[in-house]
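Q: I am new to this structure and would like to learn how to read its strands and sheets. Where do we begin?

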Amino acid sequence: MRDIDLQDSQPRAIESSTTASKAAQYLLEHNIEGCRVIENGAVVGIITKTSLMELIAQNRAPHTPVKDIMCKDRELLDTADELYQALTEYEEHIYCSGNIPENIRHDKLLWTFFNILKEKKKKWDAYFDAIYNPVVAVDREGKICLFNRAAANVMGMTQSQALGQYVNDLFSTSELIDVLKSGKIHAMRKLKTMGKTFFSNRTQIVVDDKIIGAISVLQEISAIEKAVQELETIKKLNKQLDTIFDSSYDGLYITDGEGITLRLNRAFERITGVLAEECVGRHMADLVKEGYFSRSGTLLALEKKHAVTITLKVRSGKTVLVTSTPIFDDNNNIILVVTNVRDMTELWELERKLENVEVLRQKELQAIFESSFDGLYITDGEGYTLKLNKAFERITGVTAEECMGRNMADLVKDGIFSRSGTLLALEKRHPVTITLQVRTGKTVLVTSTPVFDEAGNIILVVTNVRDLTELTELERKLENVEVLRQKELNAIFESSYDGLYITDGQANTLRLNKAFERITGVGAEECVGRNMADLVREGIFSRSGSLLAIEKREPVTITLEVRSGKTVLVTSNPIFDDDGNIALVVTNVRDITELNELQSKLEHLEGLSRAYQAELYELKQSPKCIAQSRVMKDLLRLITQVAPVDSTILIQGESGVGKEVIADLLHSISNRKNKPFIKVNCAAIPHNLLESELFGYEPGAFTGASKSGKKGMFEIAHEGMLFLDEIGEMPLELQVKLLRVLQDNRITRIGGTQPIDVNVRVIAGTNRNLQDMVALEQFRKDLYYRLNVVPITVPPLRDRREDIPVLSKYFLDMFNRKYKLNKKLASDVVAYFMTYDWPGNVRELENLIERLVVTALKETITMSDLKLWSELPAAPAAAETELLPLPVALENTERRLLQKAFSIYRSTYKVASALGISQPTVVRKAAKYGITRNN
């Protein structure tokens, strides 16, 4: 750019407020490419012909001030100043020579500009190399264009080696090419290279809205990472030390170098009876002065500057052994005193127990030694006899008094033994086995085994002596057992009702039983020893399960039409040896005609069994479900009938009638009795929590949710039963979700997206009229019909008064056992119970019985005890004169008479004689009213 003339002493310039049109005129008049723009005497920019042409191209006004379109780049301005300064100095040196040649001016301008650029590059390189963090940049082709000294040091190469290289050729893990193509910024990416760990920040390089490359700046974090790891290690060590400190069986007490208590463990509190809050932060001298301790090992250790051990009598009354050890720093100053406290009482007790254990162990070893069927003979490492058992004396005829304390070599020399396995084992230093002829004339098998100590010296030789005569006898007995087993197998084989046919692995017939001959009409002489393929070819069998089982190498089942005209079911099972080869094929043949007849009989028997089971259940019902009345017996029959199926059940009834007891009974006799039974009271759980309780939630589903999520009751009850009590209290919005679960057998957790299959039988319970609630739109109609598949209504206690005496007796016995009492109910109390309507039903009766049991002063609970409770009508006389239906009054009278008679007589015959009725009538009526000789 020509903005100065070498003959002029000043560069040309215009003011920043000059318009674009005047600036263009100025440049044309002076025939220059551009000039400086000044404001208040200072250079603020450069205006060029290019800038003016861009103004025209953008259709901007000619009167636009040049300050709005000038170049304000400070670096460009500084470069222009340097050029002007260099040319001015050059002009002063050569101006005296006259006209300056044009080519000299051009060369000087170019050379000066080059030197300026060179200096700037040198400064830029110095700045770049001074960056502490490694910096690597690539151009648009992925070649390295920037590589500072820190990068060179880390990567182990020179800058010249790296520049111009394709980045992935040098660094296979580099992601700069991905950044260059995707434009995504990689911030704080962790990478490891050259044994060090770095954080890498990567981004694109953009000039004039064009991507010219990508750059990565690394920050080494190896030291930080190492420090973090060391800190974690220290934390783990501290945690381990705390665990060791607290789990120590001995008491531990720690003070600082001045005797101030720092900490003590639970074992110290247990042994001494002195607590941490009494000691921590206090000086040991003060604690001794105040009588917490009689004296202190800590103070002695501080005084003597070495470990001391003393005994103390502590608050708990125990005598303890105290060892206090001072801990020194590098300057030999005491910084800690660690005191170990051991309960000598416990130690002595442990020693006593250990002695008892050792005695017991010796007795056990002696019992094992003497009970061995084989002879046992033990010597020391020199061959001197230590002990031998009675079995050895029995087998060899040699007694203990002949051998004890004597060397085995002397015993052989004296002819007591012909030779010795013990001596051979001592000589060869490994177990040896020999045979001997002993004094009794028997041949015995002798095995002598040396026992070594840790130094490899023989300390014992244990010799086992076995009577081969007895072994031979055992072998003979084993053969007899095998013969017997074969006979038993043959008996089982022949007594099978089904036909059995056995071949080897090549389908050669080995044997068949008589049932096979009876069912098929084929005799053993036609088949044994022959191959099954030949028998099929000759038409004896239409086809063969054995051949199919050998071919498929798995059990097969087929049907055959046999010679007898019967259709049989054939199941052939291959038997494999240890190498996976078929050793046998066992074929079972069953007459389907007979099977069908048996099936019909079985179905008939199962029907009888179910009927008997229902009757048996009525006789042996759960004590929690007392049923004396006809209506409750009918209810139990219904429960017994519907329990084995999976239909949804709706249990309805007043509060306290025992809906939960019915649900328990349904579960206990259902096919799901061994699976979970979950109970949920819909009224007891807040509405906003009921959904999460039933269906569960995923981690973070809502504020306060567990980080691990939670299973709902439906998931917990999978394959079992779920009892939804007080179903009428469930909010309408949750009823929709419950209906969906009942229809689809799937739930979705709160916050979850994946449905979860559940297999749950639902039982609902309510004391409200759901039909009325449906009419009032307080309960969904579709859910009501979905729940009401099998409705069960539990009658109130006033509608089944026959159960009142039996329930009263049951509750009375239960609370007598619970409180270890022996209370009884007077007959007039039970009679009065029969007249009361029991608005609270069975629960009210149970609570009243418990109240009477624990408050009645006498052994027999009378009407006077009953008068104390205002919620019951307290006028027994009125109850006696109350007008009742004749059947009820007659039953009440019968019950009272029977109860009174049973309280006097202990025999049904005597009761019958006193009442003037037959003994069977007494038994029948006593069973009706739940009266036994015990009550």
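This is a predicted model: local features need pLDDT of at least 70, side-chain atom pairs count only at pLDDT 80 or more; totals for chains, interfaces and linings use all residues.

Q: How do the strands of a sheet pair?
A: Strands in a sheet are joined by backbone hydrogen bonds, in a parallel or an antiparallel way. Here, five strands make up an open sheet with antiparallel pairing, and their order is β20-β19-β23-β22-β21.

Q: Which are the edge strands of this sheet?
A: An edge strand pairs on one side only. In this sheet the edge strands are β20, residues 509-512, and β21, residues 556-561. From one strand to the next, the twist averages 20 degrees.

Q: How many bridges pair β22 with β23?
A: Nine bridges link β22 (residues 567-576) with β23 (residues 582-591), and the sense is antiparallel. As an example of residues facing each other across strands, P574 is opposite V585 in β23.

Q: What does strand β7 pair with?
A: One partner is strand β6, residues 186-193, which runs antiparallel to β7, residues 196-207, and is joined to β7 by six bridges. Between them, K192 stands opposite T197 in β7. Strand β8, residues 210-220, also pairs with β7, in the antiparallel sense and over 10 bridges. There, Q204 has A214 in β8 as its bridge partner.

Q: Where do the side chains of a regular strand point?
A: They alternate between the two faces of the sheet.

Q: How many residues lie between the strands in the hairpin of β7 and β8?
A: Two residues lie between the strands of that hairpin, and D208 takes a positive phi near 55 degrees.

Technical notes: Residues are numbered from 1 along each chain as its sequence is written. Side-chain values use heavy atoms; hydrogens and water are left out. Two strands pair if DSSP finds at least two bridges between them. Helices (H or I, at least four residues) and strands (E, at least two) are DSSP runs, numbered from the N terminus. Axes are lines fitted to C-alpha atoms, for helices over the stretch in contact, and angles run from 0 to 180 degrees between N-to-C directions.
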